[in-house]
Amino acid sequence: MSLPRLSPVQKCISPPALHKEMDLNTSEFFQEGRRYTLTGGNIPHQLPAPDKLRPFMDRKAGNVETWPASKDTVTAQAKPKLLQKLESYLQKELKALGCQNDAKPSEKRMQPYREVFDYVIENFRTYKPLLSAIKLEYETMMGDQKETIKKLEPLKAMLVNMNEQCEQKILGIKNNEKQELVDMRNENTRLEKTITSLKEEIESLQIQVKKCQKEIGIEYKKYRDELDARKLLIQDINDMRYQQEELKKALSGNAGKEGEHKEDAVILKIALTKAREELSSKTQRLTEVLSDYGDVVPRREFEALERQFKALGEEHAEMKKNNNQLLKEHSALIDVHKKVIEQRDGFAMDCERMRQSATPRPDWNKCGLYVEGGFERWSNLADNTSTNEKLDLLLSEMTGQDVSVIKAGGGIVDYFEPKGVDESIPKYLHSNERVRNRRLNKRDLLIMIKDVWMEKTKEEGHEPFTKDRANMADYLFTYLRQRFGVDAMVTEWGYNLHDAMVRYSFDSNVAQFSSILNNELDEDVHFMQLKRLENMFKALVQKDASETGSLSKENFQTILKAHFHFVSDDVITKMVDAAVEELGGEKEDGQILYKDLFTEDDEGRMGAFVKLILQTYEDDKAEMIRHIETTFEKKSEINSNELKTAFLDFYPKLGKSKKAAETMITMAFKDGNYNGTEKSIILRNLQMSCIGRS
């Protein structure tokens, strides 16, 4: 495969121009020669005529000269013209392309060399097939190498990405281990300090031991010297006794020769005096030694006493340290105690002053007796609020206005500001003029909402998932026009309904109707609630064989368990307790008047038992949505098959009802894109729908 050639640069000599410039005409040289054909080829090649050959012609090809001509020629011979022309052309091309001094290989730099080589192949006709084959092989090899390089480019990018990911993982591991390393370094530093202090203590003890050994050595040497002196003294005393006895014997043997030995008696007297002096001196020395070393103990006892003393010293130091620590803690506790006493006295004074000057605190819990929702709702509203905020809440409950309006101090407005007639505004709120505020109360609002549902049910039926059901905002506009007729009254009641729904949004019926009206909730939710209550009521009636409108507590609980098979026994017990409490307690025969539990007042409200049942359905719906969200936590899109699998995983019995499964899938994929929809859209659709396990 041949590579594409670069287009010639302007003002550069092209190969045809090079032919013309060199003015080579090789046709005359081959006019009368013979022809030959290469093996395996059909192209004839012409040999030069015999008369055209000259010396050293075998070293030339056509009219192209060789240089140097031969071994015998002078090496200083000038280059052939063809070689000079080719080199000059090559330098001009390189200079024109701007890569004359560029040592790095490139396609642009290679183009002039390719053109020169093509020209050489054209003129060396004898070797043209071989040279063309060589060039073709080189070009093919280069093309294959380039293709290989192109294929390896994605691998290079992949390696770079993998390198970055590995570096990020390593960096994350280092960050995670950083705190552990810091803790280990701190622990290492603490241990090093402990080791240093122990080493210093050991060195101090070694110095003390050496000092004690030295002192003991000195004392032991003194003891040995004294012992040796004592032994010598005893020996001297024994010698003197022996001499005294000898002297007595000598005196007794020579008693008759006094005249002859008078001189010897004097000497003996002197010797006796001297001996007595030495005896007195030795006796005194012996007394001093006994008095000085009478209290000396043996070395073994000394070492035992020294060890005991050392242990007692360490124990004393530890106790002294503990005592100092206890003293510090005691001082700190005394300071804290003083501060606490001061604070107590201050608080006591403040309390006494406030008791004397302040008015009695109102019992705000009494409001729970009169506020909608009872103590539980009032506790949620008034928890962690000041007296002024509790007063604002109470005024809001009394007037039905929003708390923010009460806090602003604007009072009750007489007119509503118009919202305009834009297409984004519901038809029942279209107005360019101010609208009178009727100050609609909660009872009137609930009665109108109930009437809207009744009229809509008459026209469209009460079965859920009915097709071609009118939008609630459009139907409300139609309902108001049918009831009041006058456009001004339609607008006035539309604005007052909207204001009342905002003010009484805490009511479950108002909140549901408002959500459906604002397309935040499917209308099927309302009809599905009625359908579920109807099914439960039918099950209770079917269980009531005597048709008295009452069931035993056991039968009532059995029906609840069969209907709410997906909840725990504690929830069933709470439902039964709520029913008993709503009915004012059990009858004497233990019967529960179940029919009274399903009655509603003129405002469309039911008792605590029905509210608990509806809340159980809502909890089941929320649990299913959490399961879906957890299952597809790492995915951004969900298709119908995946969602159906998740539904079956949460509620296996759903597989027995193909219609129920298809209905839930349809509610999730409202746009009809079953092959893949964003997870957030699926979750929003499920939140607006009436999915559940019943």
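Asp544 touches Gly549, Ser550, Leu551 and Tyr594, not counting residues up to four places away in sequence; a contact here means heavy atoms within 4.5 Å. The model is predicted: local features need pLDDT of at least 70, side-chain atom pairs count only at pLDDT 80 or more, and totals for chains, interfaces and linings use all residues. Residues are numbered from 1 along each chain as its sequence is written, and side-chain values use heavy atoms, with hydrogens and water left out.

Asp544 sits in the loop between helix 14 (524-543) and strand 5 (551-552). Helices (H or I, at least four residues) and strands (E, at least two) are DSSP runs, numbered from the N terminus. Asp544 is buried and yet has no salt bridge; Lys595, the nearest side chain of opposite charge, is 5.7 Å away. Buried means under 20% relative accessible area, exposed over 50%, and partly exposed in between (1.4 Å probe, protein chains only). A salt bridge is a side-chain nitrogen of Lys or Arg within 4 Å of a carboxyl oxygen of Asp or Glu. For charge, Lys and Arg count as positive and Asp and Glu as negative, while His and the chain ends are not counted. The side chain of Asp544 does reach the backbone nitrogen of Thr548, at 3.1 Å.

Arg503, in helix 12 (residues 487-503), has a polar side-chain atom 2.7 Å from the backbone oxygen of Leu440. Arg503 counts as buried because its relative accessible area is 11%. Thr645 is found in helix 18, and a polar atom of its side chain lies 2.9 Å from the backbone oxygen of Asn641. With a relative accessible area of 52%, Thr645 is exposed.

Most residues other than glycine have a negative phi.

In helix 20 (residues 679-688), the buried residues are Lys679, Ile682, Leu683, Asn685, Leu686 and Met688. Their cover includes helix 14, helix 17 (608-631), strand 7 (637-638), helix 18 (640-650), helix 19 (658-668) and strand 8 (677-678).

On the surface, Leu152, Leu155, Met158, Leu159 and Met162 form a nonpolar patch with about 490 Å² of accessible area together. Patches are made of residues with over 30% relative accessible area and no salt bridge; like charges are joined within 9 Å, and nonpolar side chains (Val, Leu, Ile, Met, Phe, Trp, Tyr) within 5 Å. Met158 belongs to helix 4 (residues 128-253) and, at 46% relative accessibility, counts as partly exposed. An α-helix has 3.6 residues a turn, so residues three or four places apart point the same way.

The chain as a whole has 20 helices and eight strands. Of its 694 residues, 27% are buried. Among contacts with a separation of 6 or more, 60% are between residues 24 or more positions apart. The accessible surface of the chain comes to about 48,800 Å², and 54% of this belongs to carbon and sulfur atoms. Accessible areas come from the Shrake-Rupley method with a 1.4 Å probe; for residues, only the protein chains shown count as cover.

Notes: A polar contact is a pair of N or O atoms within 3.5 Å; within protein, one must be able to donate a hydrogen and the other to accept it, and residues adjacent in sequence count only if both atoms are side-chain atoms.
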